Amino acid sequence: MILYALDKVQQRCNGRVVLDIDHLEIEGGRIHALLGPNGAGKTTLLNILGFLETPVSGTMLFNGRAVEPVPKRLLHLRRQVVLVDQHPIMFSTTVASNIEFGLKIRKIGKSTRQRMVDEVLATVGLSRYKTARAHELSGGETQRLALARALVLEPEVLLCDEPTASVDTENQAIIISLLQQINTERGTTIIFTTHDRLQAASLAQHTLMLENGRLTTTAYENSYTCTFHRNGSSQVRGILQGITEFFLPAPPPGWPPIRTGRMHIAPEQITLERHELQPRTGSTMTGTIILLMTEGEKIRVVVNVGVLMVVLIDQARYAELRPVIGETICLRFEADAISFLQE
């Protein structure tokens, strides 16, 4: 079932277009990742989906009904969708009181409120902190409390802005497990923003990518800051993210002697090989496979070459190569796999 349908939606800030969505459909009951760099428009889109911002143009449907910018209608919609902020603000009261607040506003009876608070505290693993002061919790515990405060309202949609960005590794794992549990057991639609491509690939059933306020397919994947220059008469030396070095023996005509900017390496134009064959053309990198997953008719392979690089191979090549997680593998791509992204 299509939960959200956006058409020609545009948002502006200080006269500048910050979001420009031609068409977008989001299916209910699934986990969706919203991926993109800073300034891509992720938080703006999340606020629009949470009915906290009204776009300057375009239409949006929720559960098949048009969203109208009428206060009474928006209030009704906001009770179905809850946003968990990256840096949630807590009242200087107890953990239980923070969770109970939204239920009081909705005029839920005291005994029912207490039962619901106890249940959601058990879900997020914070039962022993029920009477503790909320401001005394750690960053990871605060994020779990924010999830509890949202879950107790039993929303149809849970929006999470960078849910694991400011927490330690242990709490990251707990929060990821919680989101999976919430989706599986409650059927809650979850939409979360992240910079972490690996997290998006492993947690989400569907990934949306934003680049300069627009939806894109693979432009954010394998998108890196790169510095390169000619090395000798023809060879090009590049450095991705200031970390990973590569060489192109035969760059295409028109490449400048020196260039710094953001580049994209097309995942479907990278080949995997067991052994580096030192080709006369193209560039090679060696790395470790850290993720394998099916994506439609393709297999997504994530390789750590110093930076994370995504490779899309077809089923036949996968059956021939049989790559495994932890294996060292060689990546090869030609110069025409590279494109430069507008800043």
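Which residue stands opposite Tyr-4 in E4? The model before you is a predicted one. In it, the residue facing Tyr-4 is Phe-62 of E4. The two strands concerned are E1, residues 2-13, and E4, residues 57-62, and they run antiparallel with five bridges between them.

This pair belongs to an open sheet of four strands. Reading across the sheet, the order is E2-E1-E4-E5, and the pairing is antiparallel. Strand E2, covering 16-27, and strand E5, covering 65-66, are the edge strands, each pairing on one side only.

Helix H3 spans residues 95-105 and helix H4 spans residues 110-124. Their axes lie 10 Å apart, and the packing angle is about 125 degrees. H3 and H4 are therefore oblique to each other, and their crossing is right-handed. On the H3 side, the residues that meet H4 are Val-95, Ala-96, Ile-99, Glu-100, Leu-103 and Lys-104. Their partners in H4 are Arg-113, Met-116, Val-117, Val-120 and Leu-121. By class, this contact of H3 with H4 comprises eight nonpolar and three charged residues, with no polar ones.

H5 contributes Gly-140, Glu-141, Gln-143, Arg-144, Leu-147 and Leu-151 to the contact. H6 contributes Asn-171, Ile-174, Ile-175, Leu-178, Leu-179, Ile-182 and Arg-186. Seven residues in the contact of H5 with H6 are nonpolar, three are polar and three are charged.

Finally, let us consider strands E12 and E13. Strand E12, residues 235-240, pairs with E13 in the antiparallel sense over five bridges. Within this pair, Arg-237 stands opposite Phe-247 of E13. The two strands form a hairpin, with three residues between them. In the turn, Gln-241 has a positive phi of about 55 degrees.

Which residues of E13 make up its covered face? They are Thr-244, Phe-246 and Leu-248, in a strand that spans residues 244-248. The uncovered face holds Glu-245 and Phe-247. Phe-247, then, is the residue that Arg-237 stands opposite, and Phe-247 lies on the uncovered face of E13.

Conventions. Residues are numbered from 1 along each chain as its sequence is written. This is a predicted model: local features need pLDDT of at least 70, side-chain atom pairs count only at pLDDT 80 or more; totals for chains, interfaces and linings use all residues. Side-chain values use heavy atoms; hydrogens and water are left out. Two strands pair if DSSP finds at least two bridges between them. Contact means heavy atoms within 4.5 Å. Ala, Val, Leu, Ile, Met, Phe, Trp, Tyr, Cys and Pro count as nonpolar, Asp, Glu, Lys and Arg as charged, and the others, Gly among them, as polar. Buried means under 20% relative accessible area, exposed over 50%, partly exposed in between (1.4 Å probe, protein chains only). Axes are lines fitted to C-alpha atoms, for helices over the stretch in contact, and angles run from 0 to 180 degrees between N-to-C directions. Angles under 35 degrees count as roughly parallel, over 145 as roughly antiparallel, 65 to 115 as roughly perpendicular and the rest as oblique. A crossing is left-handed if the near helix is turned anticlockwise from the far one by less than a right angle, and right-handed if clockwise.
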